[in-house]
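User: I'm new to this one and would like to learn how to read it. Could you walk me through a few features?

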Amino acid sequence: MLKPRLFCFWTDDNIMSDDRRNALSTLSKTGLEVIFINQDNLSDWILKHAPIHRSYEYLSSVHKADYLRCYFMHHHGGAYSDVKVIEDSWLSPYKELCNSNHFINGYREINCFETARGRGIIKDTWLALNFYRVIGCGAYICKPNTFFTIDWLNSVHGILDQKYELLKNYPANNPRDFYNKRLDDGSISNYPLVWSEICGQIFHPLCLKYSKKILKTLPTPDFNLPYL
């Protein structure tokens with residue numbers, strides 16, 4: 001039985017803004033048990049037979065959260081949300097997923113510009129044309145240990161395996177670091193992961209692959225909250 005709980009992550013010691021704290025307080029409106037994961041309690045949730053990837057310590061805060069949402073949805077299941085404002089109950093979408101043979105329930109992407117880029121012109125175009133078949137990366141309810149989550153975690157681990165030495169040599173410089181980012185000192189970041197490389201670039205294509213196993217009845221969170 002899928003437990004009615006919602007995970008959210010704050011992965012480093014950077015201070016959460018007032019907007020973020022206010023958004024965090026709204027997650028309980030989902031009707032699910034909210035479990036806030038940070039550096040203090042993360043180890044309580046990491047399974048002995050499934051340690052987090054050795055590259056984790058070198059990731060940016062954003063990419064750490066991208067990794068953990070995948071790890072938690074595969075190994076624990078339940079709901080995930082970015083720290084955004086939520087005004088709606090998720091109990092009905094939760095029950096719909098539990099009573100179905102689907103893998104995941106999310107909110108519909110609203111247009112072709114929201115799909116992840118960076119996989120090449122042909123693949124990106126195909127994904128954009130099929131945006132109505134995918135769900136957003138920012139919130140969902142997920143059954144654990146499905147073909148979807150297995151593919152998801154294996155794909156993320158494949159990228160982190162491939163770029164492990166680069167990540168060791170060029171770890172993240174700030175919470176929102178990404179490849180080729182211009183840093184505060186004017187230099188260009190050598191951190192080897194692009195922005196959506198271990199999130200949308202994997203998640204959205206999997207939504208197409210498993211489109212018949214995806215529900216789209218989750219209310220869309222408020223994504224107008226300012227960035228960190």
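Predicted model: local features only at pLDDT ≥ 70, side-chain atom pairs only at ≥ 80, totals over all residues.

User: How many bridges link β4 and β6, and in which sense do they pair?

Analyst: First the idea: strands are DSSP runs of E with at least two residues, helices are runs of H or I with at least four, and both are numbered from the N terminus. Two strands pair if DSSP finds at least two bridges between them. Here, β4 and β6 (residues 214-215) pair in the parallel sense over 2 bridges.

User: And which way do β4 and β5 run?

Analyst: Those two run antiparallel, joined by 4 bridges. One of the partners to look for is Ile135 in β5, bridged to Arg108.

User: Is strand β4 enclosed or open, and how many of its residues are buried?

Analyst: Buried means under 20% relative accessible area, exposed over 50%, and partly exposed in between, using a 1.4 Å probe and protein chains only. In β4 (residues 104-108), 4 of the 5 residues are buried, so the strand is largely enclosed by the rest of the structure.

User: Now the cysteines. How many disulfides are there?

Analyst: In general, a disulfide is a covalent bond between the sulfur atoms of two cysteines. The rule used here asks for a pair of cysteine sulfur atoms within 2.5 Å. By this rule the count is 0. Take Cys70, which is in no disulfide: its nearest cysteine sulfur belongs to Cys142, 9.0 Å away. Cys70 is also buried, at 0% relative accessibility.

User: Last one: where is Asn145, and is it buried or exposed?

Analyst: You'll find Asn145 in the loop between β5 (135-142) and α5 (147-162). Asn145 is exposed, with a relative accessible area of 54%. Its phi is near 55°, a positive value in a residue other than glycine.

User: What about phi at Asn180?

Analyst: Phi of Asn180 is also positive, near 75°. This residue sits in the loop between α6 (164-169) and α7 (200-209), and at 49% relative accessibility Asn180 counts as partly exposed.

How values were computed: Residues numbered from 1 in each chain as written. Heavy atoms only, no water.
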